[in-house]
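Please read the points below alongside the model. They go from overall content to the sheet and then to the helix packed on the sheet.

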Amino acid sequence: MSSCLFCKIAKNEIPSEIVFEDSDVKVFKDLHPKAPVHLLVIPKMHIQSIAHLDPVRSKTPGASAIPPLAEWTSNGVEADHGDIIAKLIYTAKKVAEELDLKGYKLVFNVGREGGQVIDHLHLHLLGGWKSKEDRSLNV
C-alpha cells in the first residue's frame, strides 16, 4: 500500500531505528515510547489489522505444505496470516531475549476503538521497567 507509513518503513523509504530485520518482518523503536523498551514488530506484507486476517487458502488442488512467505503471492497461495502472527510473536520473543528483558508485554491494538493508530498490523513489545507501578499502561 503506497501511502502506508509502516509499508514505507518496511521498504526503507522512511528511516527508523531498526533493531531486527529479516525477509518477512522488521522490528524498530516506537517514536512515542510508552515503556523504557518499546518496539514495534511489523510484517513487511501489508495487512491492515488483526480484524483483516485470513487463513491459508491454496489455489492448487491437493496442496498441503505452506510455502515460504516470499512465495505466497507468486505461487498461487494466498497468505496464511496465522504464520505471520506466529512469526511476529516469535520474533518479539527472540528480540526480548537478545535485549535480556526478564518480563515484557506483547500488545496488538485492533481498530480505532482498540487504540490502533496506523492501519498496518503491528505488535508492540514493551519492557524494561524498573518498578512494578510503571507496568500498568496502555499503548
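**Notes on the fold**

1. The chain contains two helices and seven strands; these are DSSP runs numbered from the N terminus, helices being H or I of at least four residues and strands E of at least two. In order from the N terminus, the elements read α-β-β-β-β-β-α-β-β.

2. The model is predicted: local features need pLDDT of at least 70, side-chain atom pairs count only at pLDDT 80 or more, and totals for chains, interfaces and linings use all residues. Residues are numbered from 1 along each chain as its sequence is written, and side-chain values use heavy atoms, with hydrogens and water left out.

3. Of 139 residues, 35% are buried (under 20% relative accessible area, 1.4 Å probe, protein chains only). Among contacts (heavy atoms within 4.5 Å) with a separation of 6 or more, 54% link residues 24 or more positions apart.

4. An open sheet is built from five strands in the order 1-2-3-7-6, with antiparallel pairing; two strands pair if DSSP finds at least two bridges between them. Strand 1 (18-21) and strand 6 (104-107) are the edges, each pairing on one side only. From one strand to the next, the twist averages 20°.

5. Strand 1 and strand 2 (residues 25-29) run antiparallel and are joined by three bridges. I18 has F28 in strand 2 as its bridge partner.

6. Helix 2 (residues 81-98) lies across strands 1, 2, 3 (37-43), 6 and 7 (123-127), at about 150° to strand 3. Axes are lines fitted to C-alpha atoms, for helices over the stretch in contact, and angles run from 0 to 180 degrees between N-to-C directions.

Definitions and conventions:
Buried < 20%, exposed > 50% of the residue type's maximum accessible area, 1.4 Å probe, protein only.
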